[in-house]
Amino acid sequence: MKLLVKFNLVFLLVFAIGLGASGYVARQMLQDGAHEEVLDRARLLMESAMAVSTYTATQVAPLLQTQMTYTFLPQSVPAYSSSEVLNALRKNHPEYAYKPAMLNPTNPRDRAQDWEEDVISRFKQSPDEKEFIGQRSTPSGLVTYIARPIKITNPECLRCHSTVEAAPKPLVEKYGPANGFGWNLNEVLGAQVVSVPMSVPLERADRNFKVVMGLLAGVFLLIGLALNLMLWQLVIRPVSQLSKLSDRVSLGELDAPEFNVKSKDEIGTLAESFTRMRKSMVHAMKMLDS
């Protein structure tokens with residue numbers, strides 16, 4: 001087997017191992033990056049919802065207190081405002097979903113689903129837990145979600161949710177006396193949940209992975225081509241010439257041309273050694289002829 005073939009077999013083996021290892025690491029990093037990107041955006045939405053809720057509770061609700069004695073205005077409710085703002089945002093970003101999931105909500109649209117009830121139960125069992133990250137399977141694919149507990153920390157909020165008798169009459173008339181009452185201070189009542197499907201970021205990660213693998217393969221191929229050219233030019237070609245010249249000299253062609261190599265590397269050293277050996281052989285043959 002020729003030297004160039006052996007070299008390329010070894011290079012292909014290293015190429016396959018290197019490309020496989022690089023591909024595994026690159027894919028893992030891209031998928032982790034996609035997951036972190038989803039979590040960062042979900043947290044941004046969560047913080048936006050909390051900012052809207054705080055604004056509503058501190059600046060909007062006080063302005064509507066007078067009107068609330070005549071008719072209930074859901075715009076004064078922080079959870080309602082945050083839901084409305086983020087639902088408006090979903091018109092341009094339908095892949096995101098936000099919900100203040102409650103076990104006993106005033107507004108029926110906020111009632112927790114089965115999997116959301118499990119999240120709320122987790123917060124009830126671990127009152128010190130501030131955030132929970134999970135994934136669930138849906139008909140449209142894998143979904144990542146972030147959840148944070150909902151607690152009543154302001155005693156003023158209990159005015160509407162302690163008992164039916166204490167609640168504003170317009171609120172009871174709008175939503176009825178069956179739900180949204182019996183809440184307690186600092187009790188986990190629900191969870192703010194932001195859900196983001198993983199299909200979009202994972203597809204983007206797969207596209208980036210293909211680009212990265214294509215670039216890596218191209219770099220490996222260019223390196224292989226460069227090494228082959230260098231091996232041929234610097235080693236195989238001069239060694240082949242020296243081998244042919246050695247055969248001629250060994251067969252008695254003492255007038256064969258000189259092998260001239262100007263390089264100072266190992267090939268040049270080999271050529272100098274061959275030249276000295278040839279001169280010694282010519283000198284010895286002349287002595288025998290005489």
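This briefing describes the sheet, the helices packed on it and the ring contacts of the structure above. The model is predicted: local features require pLDDT of at least 70, side-chain atom pairs count only at pLDDT 80 or more, and totals for chains, interfaces and linings use all residues. Residues are numbered from 1 along each chain as its sequence is written, and side-chain values use heavy atoms, with hydrogens and water left out.

**Sheet**

- Four strands form an open sheet in the order S1-S4-S3-S2, with antiparallel pairing; strands are DSSP runs (E, at least two residues) numbered from the N terminus, as are helices (H or I, at least four), and two strands pair if DSSP finds at least two bridges between them.
- Strand S1 (97-102) and strand S2 (132-138) are the edge strands, each pairing on one side only.
- On average, neighbouring strands of this sheet are turned by 30° against each other, direction ignored; axes are lines fitted to C-alpha atoms, for helices over the stretch in contact, and angles run from 0 to 180 degrees between N-to-C directions.
- Six bridges join S1 to strand S4 (residues 188-197) in the antiparallel sense.
- Met102 stands opposite Gly190 in S4.

**Helices on the sheet**

- Helix H1 (residues 3-60) packs on the sheet and touches S1, S2, strand S3 (141-151) and S4, where contact means heavy atoms within 4.5 Å.
- The direction of H1 makes about 35° with that of S3.
- Helix H4 (residues 114-125) lies across S1, S2, S3 and S4 and runs at about 125° to S4.

**Aromatic pairs**

- The count comes to four aromatic pairs; rings of Phe, Tyr and Trp (its six-membered ring) pair if their centres lie within 6.5 Å, with planes under 30 degrees apart counted as stacked, over 60 as edge-to-face and the rest as tilted.
- The pair of Trp115 and Tyr145 is tilted, because the ring centres lie 4.9 Å apart and the planes stand at 55°.
- This pair links distant parts of the chain, with Trp115 in helix H4 and Tyr145 in strand S3, 30 residues apart.
- Phe132 and Tyr145 also form a tilted pair, at 6.0 Å centre to centre and 55° between the planes.
- Phe132 lies in strand S2 and Tyr145 in strand S3, so their pair ties together parts that are 13 residues apart in sequence.
- Trp115 and Tyr145 are buried, and Phe132 is buried as well (under 20% relative accessible area, 1.4 Å probe, protein chains only).
- Ring pairs link Trp115, Phe132 and Tyr145 into a cluster.

**Charges over rings**

- Arg27 lies over the face of Phe209, 5.2 Å from the ring centre; the rule requires CZ of Arg or NZ of Lys within 6 Å of the ring centre and within 35 degrees of the ring normal.
- The charged end of Lys174 sits over the ring of Tyr175, 5.7 Å from its centre.

Notes. Buried means under 20% relative accessible area, exposed over 50%, partly exposed in between (1.4 Å probe, protein chains only).
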